[in-house]
Amino acid sequence: MKEDIRGLLPYELEKRLTDMGEPAFRGKQVFQWLFKDVESFRDMRNIPKALIAKLEDNFVISGLTLKKHQKSKYDVTEKFLFELNDGNQIEAVLMGYKYGNTVCISSQAGCRMGCKFCASGLLGLSRNLTQGEIMGQVTEVSRISGRKINNVVIMGTGEPLDNYQNISNFLRLIHEPNGMNMSMRSITISTCGLVDKLKCLAEEFPQVNVAISLHAPTDEKRSQIMPINKKFPITELIGECRDYVKKTGRRISFEYTLVKDFNDGDDDMLILAVLLRGLNCHVNLIPLNQVDETGLCTSGRKRALECMKILNSRGIQATVRRQLGSDINGACGQLRLKQSVE
Ligand code: SAH
């Protein structure tokens with residue numbers, strides 16, 4: 001199978017090309033083109049025809065084929081369904097904010113974390129995405145939409161820290177000065193809390209933003225909806241978050257999905273406020289986006305605002321996340337492994 005050229009770091013690409021008898025500078029030239037919205041090698045204008053032919057013989061320019069592109073009627077959200085070379089499908093969502101465009105990308109085809117409220121894990125994990133497939137979502141969404149990408153959130157399908165190696169290579173790739181040159185501060189990784197990998201992330205990429213999917217203030221409740229809590233319980237997770245803030249000097253975010261009559265009571269908010277006391281953090285409250293198969297109900301926006309007030313009154317910074325793209329099933333937790341492509 002041909003190699004996905006967008007997964008190669010500059011030194012790797014240079015090595016591939018010098019092995020083919022090309023001078024080293026061609027590696028840098030080709031690498032720069034890969035981040036300029038090109039659709040095929042023929043679009044690389046200063047590359048000799050003979051090299052273009054070699055590139056076509058050895059590489060694909062994107063490991064992703066667009067299968068479906070939807071635009072929300074209510075906001076500027078767009079959803080992209082891509083097929084991978086082995087037939088797996090993944091989704092990415094592009095959202096517009098006042099401060100620029102954010103793309104939400106997937107890290108795995110499916111997910112093995114089994115969170116009870118989420119559609120992405122209903123069929124388990126199919127496989128990890130390669131760094132080229134992760135990078136390709138950013139470049140393809142930018143090319144197809146014609147919109148500049150300002151921020152990347154790794155909050156689509158999959159658990160990014162369960163695919164740590166490829167995610168860390170992706171971070172190096174997107175940060176490359178000759179490529180997209182994106183600052184680590186423009187990137188957010190959302191995790192259900194793989195504490196061992198979180199430690200590695202804080203050491204290797206201290207400037208990347210981290211969001212922790214917390215969703216419940218006690219082990220008793222969290223274990224009911226998030227199986228990972230049995231391996232990494234709340235005290236360990238929050239302990240690591242406190243270390244993370246100390247080590248990196250950065251604020252940490254928590255995501256808290258509100259499920260009606262389960263984790264949205266006044267007492268839940270009060271326990272949460274005690275748990276997070278003194279930690280430099282921000283809580284993102286997300287009214288549950290309903291997924292038919294789970295049978296769970298949303299607390300709704302009104303209750304979310306009440307929860308926000310309780311946290312604020314206890315000195316915890318909290319906001320309610322805007323719901324974007326729910327008419328195209330592009331909201332949090334609505335991305336799926338299997339799609340019906342009409
Ligand atoms: N595996 C990572 C990233 C993917 S999920 C993680 O767990 O963080 C991105 C966010 O959407 C997580 O906070 C997740 O818990 C939340 N989410 C999942 N299902 C949801 C749903 N049905 N409604 C609202 N948020 C949901």
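Reply: A polar contact is a pair of N or O atoms within 3.5 Å; inside the protein, one atom must be able to donate a hydrogen and the other to accept it. The model is predicted. The part to look at is His 215 and its surroundings, starting with such a contact: the side chain of His 215 reaches the backbone nitrogen of Thr 257 at 2.9 Å.

His 215 sits in the loop between strand 11 (209-213) and helix 7 (219-225). Its relative accessible area is 4%, and the limit for buried is under 20%, so His 215 counts as buried. The backbone at His 215 has a positive phi of about 70°, although the residue is not a glycine. For comparison, most residues other than glycine have a negative phi. Asn 181 is another non-glycine residue with a positive phi, near 55°. Asn 181 also lies in a loop, the one between helix 5 (164-175) and strand 10. Its setting is another matter: Asn 181 is partly exposed, with a relative accessible area of 47%, whereas His 215 is buried.

Next, the neighbours. Leaving out residues up to four places away in sequence, His 215 touches Phe 117, Ile 225, Met 226, Glu 255, Tyr 256, Thr 257 and Asn 263. Two of these names, Phe 117 and Glu 255, come up again at the ligand.

Some pairs of atoms can be given with distances. A backbone N or O atom of Phe 117 is 3.0 Å from a nitrogen atom of the ligand. In the side chain of Glu 255, an N or O atom is 3.2 Å from an oxygen atom of the ligand. For Asn 289, a backbone N or O atom is 2.8 Å from a ligand nitrogen. The ligand taken alone exposes 530 Å², and the protein buries 96% of that.

One more residue leads from here to the core. Phe 254 and Val 152 have the most contacts inside the largest nonpolar core, which has 97 residues. As a general point, nonpolar side chains in soluble globular proteins tend to be buried together.

In strand 5 (residues 89-97), 8 of the 9 residues are buried, so the strand is largely enclosed by the rest of the structure. Strand 5 pairs with strand 4 (residues 78-83) in the antiparallel sense over 6 bridges, and Glu 83 stands opposite Gln 89. Between these two strands the hairpin has 5 residues, where Gly 87 takes a positive phi near 95°. Strand 5 is also joined to strand 6 (residues 100-104) by 5 bridges, again antiparallel. Here Gly 96 has Asn 101 as its bridge partner, and a hairpin of 2 residues links the strands.

How values were computed:
Residues are numbered from 1 along each chain as its sequence is written. This is a predicted model: local features need pLDDT of at least 70, side-chain atom pairs count only at pLDDT 80 or more; totals for chains, interfaces and linings use all residues. Side-chain values use heavy atoms; hydrogens and water are left out. Buried means under 20% relative accessible area, exposed over 50%, partly exposed in between (1.4 Å probe, protein chains only). Helices (H or I, at least four residues) and strands (E, at least two) are DSSP runs, numbered from the N terminus. Two strands pair if DSSP finds at least two bridges between them. A nonpolar core is a set of buried Ala, Val, Leu, Ile, Met, Phe, Trp, Tyr and Cys residues joined through side-chain atoms within 4.5 Å. Accessible areas come from the Shrake-Rupley method with a 1.4 Å probe; for residues, only the protein chains shown count as cover. Contact means heavy atoms within 4.5 Å.
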